[in-house]
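Q: I have a chain open in the viewer and want to learn to read it feature by feature. Could you walk me through it?

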Amino acid sequence: MTDHPGSRTIRRQPDQTRALSADLCVVGSGAAGLSAALEAHELGLDVLIVDASPQLGGQAVGSAIGTICGLYSNGESPHRVTHGVMDRMLETLSRNGDAAARRARNTLILDYSINAWMRWAEDAVASRGIRPLTGAVLRAAAVDSGRVRSLEIATRWGDYRVEANTFVDASGDAALTWLAGQPLTEADRSIYGTIMAVFEDVDTDICGAYPREKYHEAMRRRGADFGLVRHDGFIFPVARGGRVLLNMTHIETPQEAIGLALAGIEGRQQIDGLLNLFRDEFPEAFGQARVAIYGQPGIRQTRTIQGRSRITVDQVRTGSVPDDVIGRCSWPIELHTELADTHWEVFDADHMHHIPFGAMVPKGLDNVVVAGRCIDAEPAALASVRVMGPCFAMGRAAATAASLVGSGSFHQIDVQALQNGVGDNISRNTRDPWTAEFTAETGREADGA
Ligand SMILES: Cc1cc2nc3c(=O)[nH]c(=O)nc-3n(C[C@H](O)[C@H](O)[C@H](O)COP(=O)(O)OP(=O)(O)OC[C@H]3O[C@@H](n4cnc5c(N)ncnc54)[C@H](O)[C@@H]3O)c2cc1C
């Protein structure tokens, strides 16, 4: 006979706030936060990583971004410019056939399997003993004399208080810096986000053979009938199984929960509209297609910190090298300020621009460093350096700085020691299995992000 479980009474205890402590607490597990957490662990720090989402990976996973940009230099023979844990992740993706390169915007981008990224991130965190606090929303920060002492974090199972020596704000929206009472900056007009999608059961040979202008022309001509607002973007075959990745919608990304939820629904309606339009216009490629994945709202840019220095568009265009450089990329300025299309400013073969550590250090705080898409940059400059290659480089710099700072201030970091720690992200140019694939003769041009 089956031994069924019995039951018992449980009661809430008066103070159920759980206390946690770490050398370093990273808020956000996207490209920047994940890189910061893993690099900091490699440098010997005890790390806790917090994310509001129930899964690790940030937008790279939840928003189904699907390609890594800003990782290679420009021109006909690109080389990789960002290393560190990125090397480890790419080794795994490469070994399992979960990434592939394509030419776009005068450089290389890497398509990756979204599930593979998530599984790599989870395994990397768990196997190193980094504690993941997921489904956990940062909602307050206690600050004393310019130092964040503790964070209050809400979960469905009750509250946590986290104390740490240093903190990385990799929240994408500068949530930690904001809650610590610092002023932030935002663009004076909308920078649109996107609902990404993956379609399955597509004839990818036919779909991939069409020039992208064919899709854009259909979107311009009939998009309004299908509820579409955008007339550009990319669609390309990925991995296996008749799947294509689409970046062809635009949505507002308000910093308010109900508004963002409604924008997400509106974006998914645009995805349904795209599917119906493509079925109608291109039945030979999309006649059997269905939506396999709808991403969560993809947020490009919201609030940015006010740092010790600010990346300007001029610095991006000229490629000037700041004294405290910690990373670099050559990705175009990719501005989503128009509903219908995207402004691209693509750079030449020998172009490279640089990220100063000063843009990662909020003015009024000593033990917080920021990484990812909320560093201090003019909106059009951020429209380049926010992509995932440089996010990894910023995560590495944040971790290296955390390993150096002790009980001091990020504002007084030994820049030379920091640069020694991230040296290969400043100056090493490598070939990898994907750069070898692409020469001027074999490269296929495709749309970027
Ligand atoms: C639609 C779209 C397409 C893009 N395409 C590409 C592309 O093809 N290639 C590319 O390289 N880049 C692309 N980008 C840019 C790139 O994806 C992002 O800029 C990058 O992923 C940002 O990483 P991040 O770590 O800074 O932030 P995110 O990935 O946004 O991670 C931030 C994390 O912080 C968490 N968080 C926020 N607030 C709190 C809080 N209060 N408490 C707890 N956790 C919190 C969030 O849950 C999230 O997981 C695209 C962006 C968008 C929106």
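A: Let's begin with burial: a residue is buried if 20 or more other C-beta atoms lie within 10 Å of its own, exposed if 12 or fewer, and partly exposed in between, with C-beta atoms placed from the backbone. Asp 201 is partly exposed because it has 14 C-beta neighbours inside 10 Å. Keep in mind that this is a predicted model, where local features need pLDDT of at least 70, side-chain atom pairs count only at pLDDT 80 or more, and totals for chains, interfaces and linings use all residues. Numbering starts from 1 along each chain as its sequence is written.

Q: Where does Asp 201 sit, and what is its phi?

A: Elements first: helices (H or I, at least four residues) and strands (E, at least two) are DSSP runs, numbered from the N terminus. Asp 201 falls in the loop between β11 (197-200) and α6. As for phi, most residues other than glycine have a negative one. Asp 201, although not a glycine, has a positive phi of about 60°. Asn 106 also isn't a glycine, and has a positive phi of about 70°. You'll find Asn 106 in the loop between β4 (99-104) and β5 (107-112).

Q: Is Asn 106 buried or exposed?

A: Buried, because Asn 106 has 20 C-beta neighbours inside 10 Å.

Q: What does Ala 170 touch?

A: Two residues are in contact if their C-beta atoms, placed from the backbone, lie within 7 Å. Ala 170, in the loop between β9 (158-169) and α5 (175-179), has contacts beyond four places in sequence that include Val 26, Gly 28, Gly 30, Ala 32, Gly 372 and Gly 395. Ala 170 counts as buried because 34 C-beta neighbours lie inside 10 Å. Now try Val 137 in strand β7 (residues 136-144): leaving out residues up to four places away in sequence, Val 137 touches Ala 52, Ile 153 and Ala 154. Val 137 is partly exposed, because 15 other C-beta atoms lie within 10 Å.

Q: How do I read the packing of α1 against α12?

A: Axes are lines fitted to C-alpha atoms, for helices over the stretch in contact, and angles run from 0 to 180 degrees between N-to-C directions. Here the axes of α1 (residues 31-42) and α12 (residues 388-405) come within 7 Å and cross at roughly 35°. A crossing is left-handed if the near helix is turned anticlockwise from the far one by less than a right angle, and right-handed if clockwise; α1 passes α12 in a right-handed crossing. For residue classes, Ala, Val, Leu, Ile, Met, Phe, Trp, Tyr, Cys and Pro count as nonpolar, Asp, Glu, Lys and Arg as charged, and the others, Gly among them, as polar. The residues of the α1 and α12 contact divide into 12 nonpolar, five polar and two charged.

Q: Which residues come nearest the ligand?

A: "Near" has a cut-off too: the C-beta atom, placed from the backbone, lies within 6 Å of the molecule or strand. Of the 41 residues around the ligand, Gly 28, Gly 30, Gly 58, Gly 298 and Gly 372 come nearest. Elements giving two or more residues to this shell include α1, β7 and α12. By class, the shell has 19 nonpolar, 17 polar and five charged residues.

Q: And how is the chain divided into domains?

A: Domain bounds come from an automatic or database domain assignment. For this chain, it gives domain 1 (16-186 + 303-449) and domain 2 (197-294). Their C-alpha centres lie 28 Å apart, and the contact takes 14 residues from domain 1 and 16 residues from domain 2.
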